[in-house]
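Let's take a look at this protein chain together. Have the sequence and the 3D view open while you read.

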Amino acid sequence: ILAIAVHPDDAELGCAGTLLMEKLRNKKTGVIDLTRGELGTRGSAGLRAIEAADAAAIMQLDVRENLGMADGFFKNDEDHQRKIIVALRKYQPEVVLCNAPSDRHPDHGRSSKLVADAAFLSGLRKIETTFNGIAQQAWRPKYVFRYIQDRMLNPDFVIDITDVFEQK
């Protein structure tokens, strides 16, 4: 299970409990942050990097990566899609969790569409990508859940995180 979130802290706030529960079920879990959150009103990109590393340890993530896109200015275009395609093909998750399609923060909705589009494109064999100079094979996640804030009042499904609530 791979959570792809815009800012370091989005996955912690939105789906850390789910990732922790799946870790208890012996699943591999990871988080990819699209940006460093450099435009955030609290803290700094450096502080967020430290907090992300601490959170990765607490959540026992198998991977935590930051794609270094520009906070506030990334687009749903080929360059940004390819960065996500490379990551999806590298980690080959069955399930991808990403930000909600609509949210008060404009980055969240924009990233939701970006991740969903990249997840589809990552399964197309004619799109060629490499990682560390080695050609990657096409890979498409089975499920992409666009989740975080806007489904809280009317969820499609609920995961009981009681066993990991304090850790979350």
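Start with Asp-9, which you'll find in the loop that links β1 (2–5) to α1 (10–24). Keep in mind that this is a predicted model. Asp-9 isn't a glycine, yet its phi is positive, at about 125°.

Is Asp-9 buried, partly exposed or exposed? Its relative accessibility is 29%, so Asp-9 counts as partly exposed; that label covers what falls between the buried limit of under 20% and the exposed limit of over 50%.

## Another one further along

Now jump to Asn-132, in the loop between β5 (130–131) and β6 (134–135). Asn-132 is not a glycine either, and its phi is positive too, at about 55°. With 65% relative accessibility, Asn-132 counts as exposed, because exposed means over 50%.

Next, find helix α3 (residues 78–91) and helix α4 (residues 106–121): their axes come within 9 Å and cross at roughly 60°. That angle makes α3 oblique to α4. As for its handedness, the crossing of α3 and α4 is right-handed.

Which residues make the contact? From α3 come His-80, Gln-81, Ile-84, Ile-85, Leu-88 and Arg-89. On the α4 side, you'll see Leu-114, Val-115, Asp-117, Ala-118, Ala-119 and Leu-121. Sort the residues in the contact of α3 with α4 by class and you get eight nonpolar, two polar and two charged.

Terms used: Residues are numbered from 1 along each chain as its sequence is written. This is a predicted model: local features need pLDDT of at least 70, side-chain atom pairs count only at pLDDT 80 or more; totals for chains, interfaces and linings use all residues. Side-chain values use heavy atoms; hydrogens and water are left out. Axes are lines fitted to C-alpha atoms, for helices over the stretch in contact, and angles run from 0 to 180 degrees between N-to-C directions. Helices (H or I, at least four residues) and strands (E, at least two) are DSSP runs, numbered from the N terminus. Angles under 35 degrees count as roughly parallel, over 145 as roughly antiparallel, 65 to 115 as roughly perpendicular and the rest as oblique. A crossing is left-handed if the near helix is turned anticlockwise from the far one by less than a right angle, and right-handed if clockwise. Contact means heavy atoms within 4.5 Å. Ala, Val, Leu, Ile, Met, Phe, Trp, Tyr, Cys and Pro count as nonpolar, Asp, Glu, Lys and Arg as charged, and the others, Gly among them, as polar. Buried means under 20% relative accessible area, exposed over 50%, partly exposed in between (1.4 Å probe, protein chains only).
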